[in-house]
Amino acid sequence: MRGTAGVPDQPVPTPSPSVPTPSSPVPKPPTQGNKKWCVPKAEATDAQLQSNIDYVCSQGGMDCRPIQANGACFNPNTARAHASYVMNSWYQSKGRNDFDCNFSGTGAITSSDPSNGSCSFLS
């Protein structure tokens, strides 16, 4: 159909249907502020921390190669540093539940990234 002066009529825009609002809130993706890590408590002994390392590394599916010689998280070569890495790996892999960082009372949740040098901690 032609309008005045030989110009075709423009189609009348039809409103698009409204998008329904979800009945439950949509979770937001994690932001930097939501990151948490599991690390040893200051009062945890080397013997307790070694026990945590032994436990985590004996579980199937846990990768403890980074804390072995030549691994990215081998240095510093201390029970505390190695325990920090494996305790956090356990905590992250199990769903970041506070109870997964208990380790018989030797673990604590922190919002400070414990990564250092070439050793990157999961978050």
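These are my notebook entries on one predicted chain model.

**Set-up**

I work from a predicted model, where local features need pLDDT of at least 70, side-chain atom pairs count only at pLDDT 80 or more, and totals for chains, interfaces and linings use all residues. Residues are numbered from 1 along each chain as its sequence is written, and side-chain values use heavy atoms, with hydrogens and water left out.

**Entry 1: the fold**

I looked up the secondary structure. The chain has 2 helices and 2 strands. These are DSSP runs numbered from the N terminus (helices: H or I, at least four residues; strands: E, at least two). The order along the sequence is β-α-α-β.

I then checked burial. Of the 123 residues, 28% are buried. My cut-offs for relative accessible area are under 20% for buried, over 50% for exposed, and partly exposed in between (1.4 Å probe, protein chains only). The chain exposes about 8400 Å², and carbon and sulfur atoms supply 54% of that area. I took accessible areas from the Shrake-Rupley method with a 1.4 Å probe; for residues, only the protein chains shown count as cover.

I also checked contact range. Among contacts with a separation of 6 or more, 67% join residues 24 or more positions apart. A contact means heavy atoms within 4.5 Å.

**Entry 2: the helix pair**

Two packed helices are described by the angle between their axes and the distance between the axes. I looked up both values for α1 and α2. Their axes come within 9 Å and cross at roughly 40°. Axes are lines fitted to C-alpha atoms, for helices over the stretch in contact, and angles run from 0 to 180 degrees between N-to-C directions. α1 and α2 are therefore oblique to each other. The scale is: under 35 degrees roughly parallel, over 145 roughly antiparallel, 65 to 115 roughly perpendicular, the rest oblique.

α1 passes α2 in a left-handed crossing. Left-handed means that the near helix is turned anticlockwise from the far one by less than a right angle; clockwise would be right-handed. On the α1 side, the contact residues include Leu-49, Ile-53 and Val-56. On the α2 side, they include Ala-83, Val-86 and Trp-90.

I went to the loop between α1 (46-58) and α2 (79-93), where Asp-63 sits. Asp-63 is partly exposed, because its relative accessibility is 37%. Its side chain makes a polar contact with the side chain of Arg-65 at 2.9 Å. A polar contact is a pair of N or O atoms within 3.5 Å; within protein, one must be able to donate a hydrogen and the other to accept it, and residues adjacent in sequence count only if both atoms are side-chain atoms. The C-alpha atoms of Asp-63 and Trp-90 are 9.6 Å apart, across 27 residues of chain.

Ser-89 lies in helix α2. Ser-89 counts as buried because its relative accessible area is 9%. Leaving aside neighbours within four places in sequence, Ser-89 is in contact with Met-62 and Leu-122.

**Entry 3: loops and backbone**

Ala-42 is in the loop between β1 (37-40) and α1. At 71% relative accessibility, Ala-42 is exposed. Ala-42 and Arg-80 are 38 residues apart in sequence, with 9.2 Å between their C-alpha atoms.

I found a cis peptide bond from Asn-75 to Pro-76, with omega near 0°. Pro-76 is in the loop between α1 and α2.

Asn-70 is in the loop between α1 and α2. Asn-70 is not a glycine, yet it has a positive phi of about 75°. Its relative accessible area is 82%, so Asn-70 is exposed.

Ser-104 is in the loop between α2 and β2 (107-110). Ser-104 is not a glycine either, and its phi is positive at about 55°. Ser-104 is exposed at 76% relative accessible area.
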